[in-house]
Amino acid sequence: MRYGFVIDNTRCIGCHACSTACKSENEVPIGVARTWVKTVEHGAYPDVSRTFQVTRCNHCENPPCVTICPTGAMFQRPDGIVEFDKAKCIGCKACMQACPYDAIHIDPQTKTAAKCHYCAHRVEVGMEPACVVVCPTEAIIAGDLDDPRSKINQLVSIRRLTVRKPEQGTKPKVFYIDGDHAALHPTAIPERPKQAMFGEVVTEQGTTVPGKPRRMAEQMVQTTYTMQHKIPWHWPVPAYLVTKAIATGIFMFLVLGWSFGLFAFEPNAMLWGGLLSIVMTLATTVLLIADLDRPERFLFIVMRPQWRSWLTRGAFLLIAFASVSGGWWLAEQVLEVPELARTALAIVTGPLALGAAIYTAFLFGQAEGRDLWQSPLLPLHLLIQALMMGCGAMLVIAGPAGLAPELVEAARIGLVITLALDAFVVLFGEFGVPHASEVAARAAREIRKGRHARSFWWGAIVLGHVLPLALLLISSSSISSSLVPGALAALFATIGLYAYEHAFVMAPQEIPNS
Ligand code: SF4
């Protein structure tokens, strides 16, 4: 059994009865919608036409929202309906990042994820979804796609139908008869929102711009009504990326340096470096919890883990890293740790720090609604950033902690190398190559030339790379005289990393998926 919808655009009259019925049936609060009627206009007066598109969750056969959910709050039923359980939701909004269709919102009353659930409570007692029953033109057809006697099965068999973003591989089960290209593909209309019809988000293209020639009517297309596009993750997420890079990078730097004999084990480096790492791990945890819409449910990730989610795997990696590195730090302060035990602790801590540093790349990979985050370079990039922050952190504490010159020199050289590598990956990897999709290319354009350009070029590149590299290279002659420039370089690199992460996290979320 596979429940799905066919939306017949040749019959839809844009009356919004379906959205209204859904609201009252499911008690959907003001300001959000589980289904809505997107309106797209073509042409210019008097040669105009208007298309309506009923827009909602596609009840995908391969739902990325289900895979990414860390607690199993979003799940797929045996009958194909993608359902949610608000009692399990922690409000992490990962499902909103994973859905390539903007189908999910946070319910402002429960602070948990919600969306079309096919009126499962009605279907279970033999009734049709509320939107189907209320539609005056029978433009919404619901039913079992696998039942050869059903109307939906026959329509899917004989009509030419379209779905939204088939290239995502999610296998949507909402099919459109006479689907409109501009309505199905939000990025087909390239301009930013400028005007509103019913007070909702609107995009325009093709209206007459003063001083520019009027374009041909058939090329003009504008979305005059849509809704739902929200930005789920804000500043705590880029901030968490920075604090996590510092926490994990310190231990990666120390373990690598001790293992390869670049510098001897130094209690001071462990005391102050380890302490800073612990503080940054705590800050990472606080930022992660603060970004949840239901922070009091944070422990659900541990108590009800959904293991396919990289949010769950990442949480366990962070816990393991914090426990082992924190335990090692404590042991060094209160015990005489034998060399063998120290080696064993280093062997365990290094890989855990690496895992905690790069797991976010795989989490972003599961966020299938954000094409720019699908970069295969991301694990390597996060590793470089962590090492960069680890070297930088040691330079910051070098003076106050009185660290040995070999260790300071290793940190200085490490920071020079990782800054150069990071700049190379950013300029020639992430942003120097053609992107796989128009959506990713548009987000990258916003970072390089659009609303994030200032923070990218001045914050991430100049302040975050050029200035620290210049400071480190100029001050390389003497260790004692290089402590202040080294610490300054590390601070600039940290601010630059935040500027980069902020642009990288925000820009893809600003591209609408509906
Ligand atoms: Fe629905 Fe989006 Fe999940 Fe697909 S990914 S099932 S459209 S919420």
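In this predicted model, R304 lies over the face of F300, 4.4 Å from the ring centre. A charge is taken to sit over a ring if NZ of Lys or CZ of Arg is within 6 Å of the ring centre and within 35 degrees of the ring normal. The charged end of R342 is placed likewise over the ring of F265, at 3.7 Å from its centre. Because the model is predicted, local features need pLDDT of at least 70 and side-chain atom pairs count only at pLDDT 80 or more, while totals for chains, interfaces and linings use all residues. Residues are numbered from 1 along each chain as its sequence is written, and side-chain values use heavy atoms, with hydrogens and water left out.

The structure holds 19 aromatic pairs. Rings of Phe, Tyr and Trp (its six-membered ring) pair if their centres lie within 6.5 Å; planes under 30 degrees apart count as stacked, over 60 as edge-to-face and the rest as tilted. The rings of W233 and W373 are stacked, because their centres are 5.8 Å apart and their planes stand at 15 degrees. This pair links distant parts of the chain, 140 residues apart: W233 belongs to the loop between β11 and α8 (236-259), and W373 to the loop between α12 (339-366) and α13 (378-401). Helices (H or I, at least four residues) and strands (E, at least two) are DSSP runs, numbered from the N terminus. Both W233 and W373 are buried, that is, under 20% relative accessible area, where exposed means over 50% and partly exposed in between (1.4 Å probe, protein chains only). One aromatic cluster is formed by W233, F364, W373, F431, F456, W457, Y500 and F504.

Three strands make up an open antiparallel sheet in the order β3-β2-β11; two strands pair if DSSP finds at least two bridges between them. β3 (47-56) and β11 (221-225) are at the edges with a single partner strand each, so one side of each has no neighbour in the sheet. From one strand to the next the twist averages 25 degrees. Strand β2 (residues 35-44) pairs with β3 over 10 bridges, and A44 stands opposite D47 in β3.

S475 is found in the loop between α16 (453-474) and α17 (479-510). With a relative accessibility of 10%, S475 counts as buried. Apart from neighbours within four places in sequence, S475 is in contact (heavy atoms within 4.5 Å) with S482 and P485. The side chain of S475 also reaches the backbone oxygen of L471 at 2.8 Å.

Definitions and conventions:
Axes are lines fitted to C-alpha atoms, for helices over the stretch in contact, and angles run from 0 to 180 degrees between N-to-C directions. A polar contact is a pair of N or O atoms within 3.5 Å; within protein, one must be able to donate a hydrogen and the other to accept it, and residues adjacent in sequence count only if both atoms are side-chain atoms.
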